[in-house]
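Please look over the structure below before reading the notes that come after it.

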Amino acid sequence: MLAILAPGQGSQKPGFLAPWLDVDGVEARLRWLSTAAGADLVHLGTAADADEIKDTARTQPLLVAAGLVAAEQLPLDDVSVVAGHSIGELTAAAVAGALSAESAMLFAGVRGREMAAACAIEPTGMSAVLGGDPDEVAAAIEAAGLTPANRNGAGQIVAAGSLPALEKFAAEPPAGTRVRPLAVAGAFHTPYMAPAEEALQRLAGGITVRDPRRLLLSNADGTAVGSGTELVRRLVRQVTSSVRWDRCLATLADLGVTAVLELPPAGTLSGLVKRELKSRGAPEIVTLNTPDDLPAARDLIARHGEPARFAETGDNA
């Protein structure tokens, strides 16, 4: 069984889409998706510097577009499972057939702009907490008045909240942990993003959505979401809710996934898969970063793919 994973914010690198413009139709496709996103994706993916693509309003649609144009070069009929981290869940929703590419890009554009605006209201941030017992670390984060915004597995939890609270937490970290500030605009996946959630809720009623055609794992709890309506509800709530990537990884293991293909810009999620699932027999992994990786990606699908199915773990509400 093969799973396709879509990375989230922070995985982007300057010029990472430049090699893809040599693939027939990709530049035209990116220009089309740019109209839905409200951003020049060709410029952002090829010529923009690190500071420009660090802007949340630009980063989020850029990442979704990168995943979609790469996925469109693949034979997806035998892909059983898809999942994405944070903004990557929008990419996964489109790969699963629940959203059109245009709807995913529109949602990503609004999400990025509204989250950037929410970040500007007051100074907040995020810090990675490495090591320690996950439940004890999460409890310590909450006791410090912060939110465990990302529980990524592989010994990594991200704390988010006010800058003074983060500084105090870093000065007195839980035993056996290291705290590393992250270069982000604000406290994503916390109540500080409530204005963005409200904006997305107003948008959500007009989105055309279908039930996913393959297993789509939710950031909320790692279960598969079988209803398009429920999926949109979760995508809206995701901006203020913790990302439980640890539970997505556990579901991949429980499903018996034997291979993982990470969409561009690939590497972060593959690393978490290797570290978290090594005790259960880590799946074969291909990171798809340039068109040169397409033969390996297609071969992986040919060897590990099987007809998509909906698991009993899914949420059919």
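**Basis and confidence**

This is a predicted model, in which local features need pLDDT of at least 70 and side-chain atom pairs count only at pLDDT 80 or more, while totals for chains, interfaces and linings use all residues. Residues are numbered from 1 along each chain as its sequence is written, and side-chain values use heavy atoms, with hydrogens and water left out.

The protein chain has a mean pLDDT of 94, and 97% of its residues reach 70 or more; pLDDT is the predictor's confidence in each residue, from 0 to 100. Over residues 311-317 the pLDDT is below 50, and this stretch has 18 contacts in the model beyond near neighbours in sequence. A contact means heavy atoms within 4.5 Å. Where pLDDT is low, the predicted coordinates should not be read in detail.

**Helix 1**

Helices (H or I, at least four residues) and strands (E, at least two) are DSSP runs, numbered from the N terminus. Helix 1 has twelve residues, and the distance from its first C-alpha to its last is 16 Å, close to the 16 Å expected at 1.5 Å a residue. That expected span is 1.5 Å times one less than the number of residues.

Val 26, Leu 30, Leu 33, Ser 34, Ala 36 and Ala 37 are the buried residues of helix 1. They cover an arc of only 155° around the axis, so they are on the same side of helix 1. The arc is taken from the directions from the helix axis to the C-beta atoms. Buried means under 20% relative accessible area, exposed over 50%, and partly exposed in between (1.4 Å probe, protein chains only). The exposed residues Ala 28 and Thr 35 are on the face turned away from the buried side of helix 1. The buried residues of helix 1 pack against helix 2 (41-46), helix 4 and helix 6 (101-119). Gly 38, with a positive phi near 75°, follows helix 1.

**Cores and helix 12**

A nonpolar core is a set of buried Ala, Val, Leu, Ile, Met, Phe, Trp, Tyr and Cys residues joined through side-chain atoms within 4.5 Å. The largest one has 76 residues, and those with the most contacts inside it are Leu 74, Met 105, Leu 261, Leu 263 and Leu 288. Not counting residues up to four places away in sequence, Leu 74 touches Leu 261, Leu 263, Leu 288, Leu 294, Ala 297, Arg 298 and Ile 301. A second, separate core of 20 residues includes Ala 3, Leu 215, Leu 217 and Ala 224.

Thr 91 lies in helix 5 (residues 88-95) and is buried, with a relative accessible area of 1%. Leaving aside neighbours within four places in sequence, Thr 91 is in contact with Ala 6, Leu 63, Val 64, Gly 67, Leu 68 and Leu 263.

In helix 12 (residues 268-277), the buried residues include Leu 269, Leu 272 and Leu 277. The buried residues of helix 12 pack against several elements, among them strand 1 (2-6), helix 11 (245-255) and strand 9 (284-287).

**Salt bridges**

A salt bridge is a side-chain nitrogen of Lys or Arg within 4 Å of a carboxyl oxygen of Asp or Glu. The structure holds 14 salt bridges. The table lists some of them.

| Pair | N to O distance |
|---|---|
| Arg 29 and Glu 72 | 2.9 Å |
| Arg 151 and Asp 135 | 2.9 Å |
| Glu 284 and Arg 303 | 2.7 Å |

Arg 29 lies in helix 1 and Glu 72 in the loop between helix 4 (56-71) and strand 2 (81-84), so the pair ties together parts that are 43 residues apart in sequence. Arg 29 is partly exposed at 22% relative accessible area, and Glu 72 is partly exposed at 41%.

Arg 151 is buried, with a relative accessible area of 12%, whereas Asp 135 is exposed, at 54%. Asp 135, Arg 151, Arg 244 and Asp 246 are linked in a network of salt bridges.

**Backbone details**

Most residues other than glycine have a negative phi, and most peptide bonds are trans. Pro 264 and Pro 265 are joined by a cis peptide bond, with omega about -5°. Ala 154 has a positive phi, near 55°, and is partly exposed, with a relative accessible area of 25%. His 189 also has a positive phi, of about 60°, but is buried, with a relative accessible area of 2%.
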